[in-house]
Amino acid sequence: TEGAIKNLHAEASGKSFEQLAEAARTDWNSELEHFEIEGTPDQKAMFYTSLYHTMINPSVYMDVDGSYRGLDHNIHRAEGFTNYTIFSLWDTYRAEHPFLNLVKPGRNADMVESMIKHEQQSVHGMLPIWSLMGNENWCMSGYHAVSVLADAITKGVFSNVDEALAAMVSTSTVPYYEGIADYMKLGYIPLDKSGTAASSTLEYAYDDWTIYQTALKAGNKEIAETYRKRALNYRTIYDTSIGFARPRYSDGSFKKEFDVLQTYGEGFIEGNSWNFSFHVPHDVFGMIDLMGGEGTFVQKLDELFSMHLPEKYYEHNEDITEECLVGGYVHGNEPSHHVPYLYAWTSQPWKSQYWLREILNKMYKNDINGLGGNDDCGQMSAWYLFSVMGFYPVCPGTDQYVLGAPYLPYLKMTLPNGKTLEIKAPGV
């Protein structure tokens, strides 16, 4: 109560409603003016609305004196950082946090520090999975906070590599967390133990690759080698006879009756094998080989975007609706967001540009129903902003962006270091 009163005095004391409204307007304008763009009125509304969406969550979670209620429900004080909450990490590790690394690196460093403090206060010794207001939801799968830490370290935003690595290793070795004991022993999660066995195996393998990268930076060869091997676990669930990821049982056998289009009951969370099979951002060439080579890979991508996905495959799935589909590609739910960029690994990279423009035109409109899916704490909007600029972080944890194509004739971004990035595409 005392903290709340201090906050009220600090933020509102002696100010009228009009003064507070004007201060809010000024604050938002100063945030949004980091970007200067040319485009139609609808394109400008879409761009700045998306930028606004990326800056709502995660949000500050502490009093003006730095006090906050931690995961252990004790009162802690944030020393030298701002404490944040609302970590929808299954969604936001993909583009939201990489976007913040680009435009708001100081804030993202504070978010990383907040996640590490969460791990230190956790009785399980785990980084957040999906946390808010000093509580862990255990929502969705993977342990994607490790990706956010690795990306911040790789981009030079966060420097305490040893502390981050300790939190990553602790998180990824909790045996009772969704199949980890079996995953460490067998190299995959068995379907008889987990309903999301296949997708979780793919997600863990990518997460483990980010731990491998961080261990290399820390100079810890032993941890690096352990996680290098774990990062290749995605191979264990590819059925090369069909060229798709397929869940296995404890005895090693693949699930027998298997439908690559079905979004539930097949071992994948909020998605089907056709979309999730492309979830190897850290080893795209390895994935291409398992799918049957480049020709087959391109054919599969082509078919994904152009097929008709019958309603029976998603009618009972609240996260997948007809308006969020481009063919069988699910843009309204996050696991597929990097997929259009995968043509860049093939001899037909221009297909990325084609499908990106189709997605941008269909899924993002200046209209009350203008977003083709749940924004999920800024992820859909961060995808849009990267794609409009013409590049995207396909594999967070690397220092690489994959090129798409600019969507607007002109864009100028002022970076936190005072430098500017200008993107000119006058004929676009």
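## Reading a predicted model, feature by feature

Trainee: Which residue stands opposite Glu422 of strand 16?

Mentor: Lys412 does. Keep a general idea in mind here. Side chains in a regular strand alternate between the two faces of the sheet.

Trainee: How many residues lie between strand 15 and strand 16?

Mentor: Five, and the two strands form a hairpin. Look in the turn for Gly418, which has a positive phi of about 90°.

Trainee: Now a single residue. Where is Asp375?

Mentor: Asp375 sits in a loop. Helix 15 (350–363) is on one side of that loop and helix 16 (379–389) is on the other.

Trainee: Is Asp375 buried or exposed?

Mentor: Buried. For a charged residue, look next for a partner of opposite charge. A salt bridge needs the charged atoms within 4 Å. For Asp375, the nearest side chain of opposite charge is Arg94, and that is 13 Å away. Asp375 therefore has no salt bridge.

Trainee: What does the side chain of Asp375 reach at 3.2 Å?

Mentor: The backbone nitrogen of Gly378. The Asp375 side chain also has a polar contact of 2.8 Å with the side chain of Ser381.

Trainee: Which residues is Asp375 in contact with, leaving aside neighbours within four places in sequence?

Mentor: His53, Glu334, Met380 and Ser381.

Trainee: On to rings. How many aromatic pairs does the structure hold?

Mentor: It holds 25. Take Tyr234 and Tyr238 as a case: their ring centres are 6.1 Å apart. To name the geometry, check the angle between the planes. Planes over 60 degrees apart count as edge-to-face. Here the angle is 90°, so this pair is edge-to-face. Tyr234 and Tyr238 are both buried.

Trainee: Which residues form one aromatic cluster?

Mentor: Among them are Phe35, Phe47, Tyr48, Phe99, Trp383 and Tyr401.

Trainee: One last residue. Where is Gly327 found?

Mentor: In the loop between strand 11 (325–326) and strand 12 (329–330).

Trainee: Why is Gly327 called partly exposed?

Mentor: Its relative accessible area is 23%. Buried would mean under 20% and exposed over 50%, so a value in between counts as partly exposed.

Trainee: And what is Gly327 in contact with?

Mentor: Set aside its neighbours within four places in sequence. Gly327 is then in contact with Leu304, Phe305, Ser306, Met307 and Leu309.

Conventions:
Residues numbered from 1 in each chain as written. Predicted model: local features only at pLDDT ≥ 70, side-chain atom pairs only at ≥ 80, totals over all residues. Heavy atoms only, no water. Pairing = 2+ DSSP bridges. Helix = DSSP H or I, 4+ residues; strand = E, 2+ residues; numbered from the N terminus. Buried < 20%, exposed > 50% of the residue type's maximum accessible area, 1.4 Å probe, protein only. Lys, Arg positive; Asp, Glu negative; His and termini not counted. Polar contact = N/O pair within 3.5 Å; in protein donor to acceptor, adjacent residues only side chain to side chain. Contact = heavy atoms within 4.5 Å. Phe/Tyr/Trp six-rings, centres within 6.5 Å; stacked < 30°, edge-to-face > 60°.
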